[in-house]
Amino acid sequence: MSKDLKMTVLFDFYRNMLTEKQIDVIDLYYNEDLSLAEISEHLGITRQGVRDSIKRAEAVMLETEKNLGLVERYTKIQNVISQIKTEIDAILKTYEQEFP
């Protein structure tokens with residue numbers, strides 16, 4: 001999983017663990033794909049302030065995932081569901097061939 005996608009997923013799960021400023025910065029950076037300079041101008045803070053806020057928010061989300069593991073569990077469950085659907089489709093196909 002790419003870093004951007006991973007952070008976006010972590011943000012979906014753990015956004016409530018962040019400050020309002022961090023939420024705004026992460027949303028603009030990862031979801032709106034704005035540059036540090038664009039975010040800086042939009043929020044009226046320095047480019048370094050934007051970078052620091054992103055790094056702190058990433059650290060909070062990564063540490064929270066390390067402790068709770070919600071994204072990992074969700075991903076595993078989604079994979080099992082996908083496998084079950086594949087097996088159901090195969091069973092239905094076999095059934096339709098045997099009993100037209």
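**Note on a predicted helical chain**

1. The protein chain has five helices and zero strands, where helices (H or I, at least four residues) and strands (E, at least two) are DSSP runs numbered from the N terminus. This is a predicted model, in which local features need pLDDT of at least 70, side-chain atom pairs count only at pLDDT 80 or more, and totals for chains, interfaces and linings use all residues. Residues are numbered from 1 along each chain as its sequence is written, and side-chain values use heavy atoms, with hydrogens and water left out.

2. The C-alpha atoms fill a box of roughly 70 × 30 × 20 Å along the principal axes.

3. Of the 100 residues, 26% are buried (buried is under 20% relative accessible area, exposed over 50%, partly exposed in between; 1.4 Å probe, protein chains only).

4. Four aromatic pairs are found in the whole structure; rings of Phe, Tyr and Trp (its six-membered ring) pair if their centres lie within 6.5 Å, and planes under 30 degrees apart count as stacked, over 60 as edge-to-face and the rest as tilted. F13 and Y14 have ring centres 6.3 Å apart and planes at 50 degrees, so this pair is tilted. Y14 is buried at 2% relative accessible area, whereas F13 is partly exposed at 33%.

5. F13 also pairs edge-to-face with Y74, at 5.5 Å centre to centre and 65 degrees between the planes. This pair links helix α1 (residues 3–14) to helix α5 (residues 70–98), across 61 residues. Y74 is partly exposed at 43%. Ring pairs link F13, Y14 and Y74 into a cluster.
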